[in-house]
Amino acid sequence: MTEKPTRPLLLVAFFAAAIVVAHLLDPLAFRFLRLENVYGEDWGRMLRVMGFLPLWLLAGIALMRHERAPWRTALHSRGGLLIAGATLGGIVAELTKLVVRRRRPGEFGEYVFRPFTERPFSTGGLGMPSSHALVAFGAAAVLSRMFPRARVMWWGLAWGCGLTRVADGAHFFSDVVVAALLGWVVGWFVWRWRDPAVTTHVRSEPAIVNV
């Protein structure tokens with residue numbers, strides 16, 4: 001009698017299947033998801049900002065101030081975890097680009113890889129995964145654990161950020177899918193690193209009484 005696959009094996013299988021399917025969909029996405037001047041629209045600019053790291057740094061600092069977290073526990077507070085998720089997402093994106101070395105989509109949407117001998121430590125022009133998307137997904141993965149009732153909104157904003165990168169022609173669809181998978185891993189890692197005694201404690205705010 002065979003044993004049931006463990007959860008890690010199922011996750012690896014799911015990740016592999018998602019990456020394969022995403023690559024199969026790349027030609028269709030490159031052809032049909034393009035939207036000229038997507039960032040000329042207010043909603044397009046809003047979604048792109050979801051992948052702007054300083055946004056999450058400021059949001060994390062504001063959340064730390066709201067919680068009045070002591071500096072010795074700030075990194076384990078909700079604000080600290082949000083900063084960690086977005087920042088780690090950006091770092092993972094840049095490091096992965098240096099390893100995969102796939103360029104951004106060309107005129108015809110073909111896959112082109114940069115040799116390791118050419119600018120070995122530069123991520124300029126590389127697209128796998130999308131840095132904007134991975135920052136957004138890293139933040140969304142942490143926020144969805146902190147505020148699970150709003151997880152659809154967090155992940156929806158992150159996917160919106162990633163899809164606008166595809167619509168702009170800056171990335172393949174698979175660049176965004178890989179960013180989403182890595183973002184989930186980043187969120188899992190950051191959440192395991194937290195101090196439950198800190199993240200489950202919220203200081204009460206003084207009551208406001210109308211007279």
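**Close-up views of a predicted model**

Helix α4 is followed by Arg101, whose phi is positive, near 65 degrees. This is a predicted model, in which local features need pLDDT of at least 70, side-chain atom pairs count only at pLDDT 80 or more, and totals for chains, interfaces and linings use all residues. Residues are numbered from 1 along each chain as its sequence is written, and side-chain values use heavy atoms, with hydrogens and water left out.

**View 1. Helix α4, residues 78-100.** Helices are DSSP runs (H or I, at least four residues), numbered from the N terminus. The 23 residues of α4 should span 33 Å at 1.5 Å a residue. The expected span is 1.5 Å times one less than the number of residues. The end C-alpha atoms of α4 are 32 Å apart, which agrees. Buried residues in α4 include Arg78, Leu81, Leu82, Ile83 and Lys97. Gly79, Gly80, Gly85, Gly89 and Gly90 are also among them, as are Ala86 and Ala93. Buried means under 20% relative accessible area, exposed over 50%, and partly exposed in between (1.4 Å probe, protein chains only).

**View 2. Ala18 and its partners Val177 and Leu181.** Ala18 lies in helix α1, residues 7-32. Ala18 touches Val177 and Leu181, not counting residues up to four places away in sequence. Contact means heavy atoms within 4.5 Å. Ala18 and Leu181 are 163 residues apart along the chain, yet their C-alpha atoms are separated by 8.7 Å.

**View 3. Aromatic pairs, with Phe137 and Trp159.** The whole structure holds 5 aromatic pairs. Phe137 belongs to helix α5 (residues 131-146) and Trp159 to helix α6 (residues 151-167), so the pair ties together parts 22 residues apart in sequence. Rings of Phe, Tyr and Trp (its six-membered ring) pair if their centres lie within 6.5 Å; planes under 30 degrees apart count as stacked, over 60 as edge-to-face, the rest as tilted. Phe137 is buried, at 0% relative accessibility. Trp159 is partly exposed, with a relative accessible area of 30%. Elsewhere, Phe14, Phe15 and Trp184 form one aromatic cluster.

**View 4. Arginines over tyrosine rings.** The charged end of Arg48 sits over the ring of Tyr39, 4.8 Å from its centre. Arg102 lies over the face of Tyr111, 4.4 Å from the ring centre. A charge sits over a ring if NZ of Lys or CZ of Arg is within 6 Å of the ring centre and within 35 degrees of the ring normal.

How values were computed:
Helices (H or I, at least four residues) and strands (E, at least two) are DSSP runs, numbered from the N terminus.
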